[in-house]
Amino acid sequence: MARSSDPGTQRQMSLDLLPSALVATVMTKLDIGSIRSLACTCKAFHSCASHMLRFIPSFHLLDIAPSAELLRPLLPPNPYLHSLKVDCTRLDDSSLDYLLQPTLQELCLHKCADFSGRLLSQVGQHCKDLRFLYLSSLAEKRGRSIDVSDLEVLFGGCTQLETLILMFDVSMFLRHNFARVWAIAPATLLSLEVGYISSVMVTELLSPPVIPYQSMEHIQPSILPGIQKLCLSVDYITDTMVSTITTNLNCLTHLDLRDSPIMKPRLAFDLTNAGIQQINLHGRLKHLSLVRSQEIFPAYFKRVNDLGILLMADRCSDMESIYLGGFCQVTDTGFRTILHSCAKIYKLRIYHGPHLTDLVFHDIAATSLTLTHVSLRWCNLLTNHGVARLVSNENLSVLDLRDCRNIGDEALRTISNLSKLKALLIDGSDISDMGLSHLSKGAISSLVSLSVRGCKRLTDNCISFIFDESSNCELRELDLSNIPNLSDAGVLLLAKRRIPLFELRMRQCPLISDTSIMVLASMKVDEEGWYGSSLRLLDLYNCGGITHLSFQWLKKPYFPRLRWLGVSSYVSRDVLDALSRNRPFLHVGFHGEELGTTDQWDNTDNLYMHDYDEVDELEQWLDGENEGDDEAIQEAENIA
């Protein structure tokens with residue numbers, strides 16, 4: 001055979017001649033992201049990658065929502081598959097035959113709204129070796145109850161289950177026999193998280209069964225005896241529920257309770273000093289979270305005061321993380337008791353602490369505390385002086401001061417000395433452009449996430465101060481939302497700095513227009529890169545100057561890695577439909593919802609922990625190089 005003189009042909013021939021077993025052996029060491037990247041480089045790797053789907057141990061696909069037609073060929077029978085994570089927005093019960101493979105040990109199915117309760121029983125029947133199960137939004141679109149027998153089959157089949165996360169309303173289960181079924185839950189279960197359950201159901205579930213004339217020698221064992229982590233969102237956090245949890249769960253090390261009352265709680269349905277002092281009866285608790293949300297009704301823990309916190313703190317000397325939200329009667333005395341009693345604490349979060357002042361941190365330097373995560377949201381009496389005391393903890397990596405109205409430029413000057421700071425949130429504070437200039441002299445070199453949402457004094461000049469040309473900037477997530485004086489000129493300054501941002505939020509900025517989208521779409525992070533290459537999330541909800549004309553810049557090949565887009569609801573439905581056809585894996589929000597958040601529990605710790613691929617090849621692999629809808633977008637824009 002004659003040899004080709006073309007170097008490209010020689011390289012292609014050399015790849016084709018590589019033994020497939022050798023290539024497959026190398027690919028077994030890679031994750032799904034690396035394999036899919038290789039699949040787009042040449043036919044030989046594409047063929048091998050397709051073959052590798054029968055041997056890959058982990059398949060994680062959460063950044064897009066694939067249809068059944070796209071997902072089925074990617075999940076052939078695989079005797080080596082141990083971990084599966086999928087966004088199920090476009091899937092239903094018909095997908096169970098290839099999703100549920102018998103070798104799975106970890107299964108995470110997000111947004112299962114179109115599935116029925118049958119999913120639970122099918123998992124129990126087909127995934128006998130399962131150790132970790134996460135399900136969210138199960139059967140939410142079907143609007144009917146879930147038969148508790150499906151849960152019974154799950155427990156009977158998955159006898160090795162260690163972690164169960166049910167991020168949906170479990171009150172959809174028929175209440176009859178609900179508590180009885182939990183009595184057969186696997187003894188191996190260590191962690192339980194529930195999206196919503198009533199406090200009465202919790203009490204029934206955890207209370208040992210009562211048998212008439214039962215002797216002390218034959219007391220029934222407690223439900224879920226091995227549970228170490230319990231996270232529940234309930235209607236009301238009550239004394240009865242807290243007492244039941246702490247009395248019956250002897251091994252508990254992590255307790256997270258949240259409620260969101262629809263009305264002012266009565267005494268019988270509230271947490272009081274008597275209930276909170278029952279926390280940590282067995283002395284093993286390391287992480288505690290008690291939060292009352294005001295999302296539905298402005299309710300607070302009004303029956304807990306400093307005395308209750310003092311009594312609780314007596315048992316919390318070994319606590320490492322404390323999150324208290326909505327304790328409106330607790331003052332500096334109670335909060336200082338926590339700091340001085342819990343010498344091992346490294347995470348402190350106070351949410352809606354109207355009586356917390358600078359005095360809490362007055363002598364914090366005299367303690368042995370090594371705080372790394374601090375959140376003081378809606379603590380309006382905190383000032384620059386208190387922040388200066390707080391940042392004496394030089395190991396701070398996450399600092400959340402959102403909606404602390406009295407925080408100003410002087411606080412930023414002291415914060416700039418934190419060399420390990422990764423995430424800073426100062427929404428709604430009284431900072432100015434000059435205040436942000438302090439960050440460029442220190443903390444900006446370590447910051448990965450910065451949020452200045454709602455800081456009304458900021459202008460376009462804040463971009464120049466944040467991204468000083470002489471500083472080494474690692475920032476990847478930036479929130480500039482609700483800044484009335486931010487305009488296209490500020491976005492132009494941002495583009496000139498060529499910072500490879502992954503997330504950019506500019507919602508409710510009235511001066512942001514189509515020009516900003518054009519600038520971002522045209523921005524190159526480096527000379528070799530794609531236009532607008534780095535952005536994964538772009539939130540432009542309710543920006544005053546955005547029109548349908550800018551959608552021409554949101555189609556391929558611009559923003560090749562974009563996964564979440566926020567726009568206003570008044571955008572033409574035809575334009576949105578055309579964009580959806582052009583980019584079927586793009587999540588478009590137009591009702592004002594926050595983008596990119598998938599976990600209902602507090603995720604402040606993970607603000608800077610996203611795993612972003614350097615090259616986004618998945619759409620090419622699944623969907624090919626389809627650009628056929630460009631004309632459709634143009635036509636929709638003309639109609640609009």
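Is W378 buried, exposed or partly exposed? W378 is partly exposed, because its relative accessible area of 26% lies between the 20% and 50% limits. The model shown here is predicted.

## The chain as a whole

The chain has 640 residues, and 54% of them are buried. It contains 23 helices and 20 strands. Its accessible surface comes to about 27,300 Å². Carbon and sulfur atoms account for 53% of that surface.

Helix α2 covers residues 20–27, and helix α4 covers residues 43–52. The two pack at an angle of about 65°. Their axes are 10 Å apart. The crossing of α2 past α4 is right-handed.

Which residues of α2 and α4 meet? From α2 come S20, V23, A24 and M27. From α4 come F45, C48, A49 and M52. Seven of the contact residues are nonpolar, one is polar and none is charged.

## A covered helix

Helix α10 spans residues 199–206 and is mostly covered. Six of its eight residues are buried. They are S199, M201, V202, T203, L205 and L206. The cover over these buried residues includes α9 (178–182), β7 (229–234) and α11 (239–248).

## Salt bridges

How many salt bridges does the structure hold? There are 26. One of them joins the side chains of D63 and R563, at 3.9 Å from N to O. This pair links distant parts of the chain, 500 residues apart. D63 sits in the loop between β1 (58–61) and α5 (68–71). R563 sits in the loop between β18 (537–539) and β19 (564–566). D63 counts as buried because its relative accessibility, 12%, is under 20%. R563 is buried too, with a relative accessible area of 0%.

R72 and D97 form another salt bridge, at 3.5 Å from N to O. R72 lies in the loop between α5 and β2 (83–87), and D97 lies in helix α6 (residues 96–99), so the pair ties together parts 25 residues apart in sequence. R72 is partly exposed, with a relative accessible area of 43%. D97 is exposed, at 54%.

A salt bridge also joins the side chains of D400 and R402, with N to O at 2.6 Å. Both residues are buried. Elsewhere, salt bridges that share partners join R453, D479, R507, D539 and E594 into one network.

## Backbone details

Most residues other than glycine have a negative phi, and most peptide bonds are trans. Some places in this chain are worth a look against that background.

W378 is not a glycine, yet it has a positive phi of about 60°. It lies in the loop between β12 (373–377) and α15 (384–390). N482 is not a glycine either, and its phi is positive, at about 55°. Its place is the loop between β16 (477–479) and α19 (488–497). N482 is partly exposed, with a relative accessible area of 26%.

Where is the cis peptide bond that involves P557? It joins K556 and P557, and omega is about 10°. P557 lies in the loop between β18 and β19.

Notes. Residues are numbered from 1 along each chain as its sequence is written. This is a predicted model: local features need pLDDT of at least 70, side-chain atom pairs count only at pLDDT 80 or more; totals for chains, interfaces and linings use all residues. Side-chain values use heavy atoms; hydrogens and water are left out. Helices (H or I, at least four residues) and strands (E, at least two) are DSSP runs, numbered from the N terminus. Buried means under 20% relative accessible area, exposed over 50%, partly exposed in between (1.4 Å probe, protein chains only). Accessible areas come from the Shrake-Rupley method with a 1.4 Å probe; for residues, only the protein chains shown count as cover. Axes are lines fitted to C-alpha atoms, for helices over the stretch in contact, and angles run from 0 to 180 degrees between N-to-C directions. A crossing is left-handed if the near helix is turned anticlockwise from the far one by less than a right angle, and right-handed if clockwise. Contact means heavy atoms within 4.5 Å. Ala, Val, Leu, Ile, Met, Phe, Trp, Tyr, Cys and Pro count as nonpolar, Asp, Glu, Lys and Arg as charged, and the others, Gly among them, as polar. A salt bridge is a side-chain nitrogen of Lys or Arg within 4 Å of a carboxyl oxygen of Asp or Glu.
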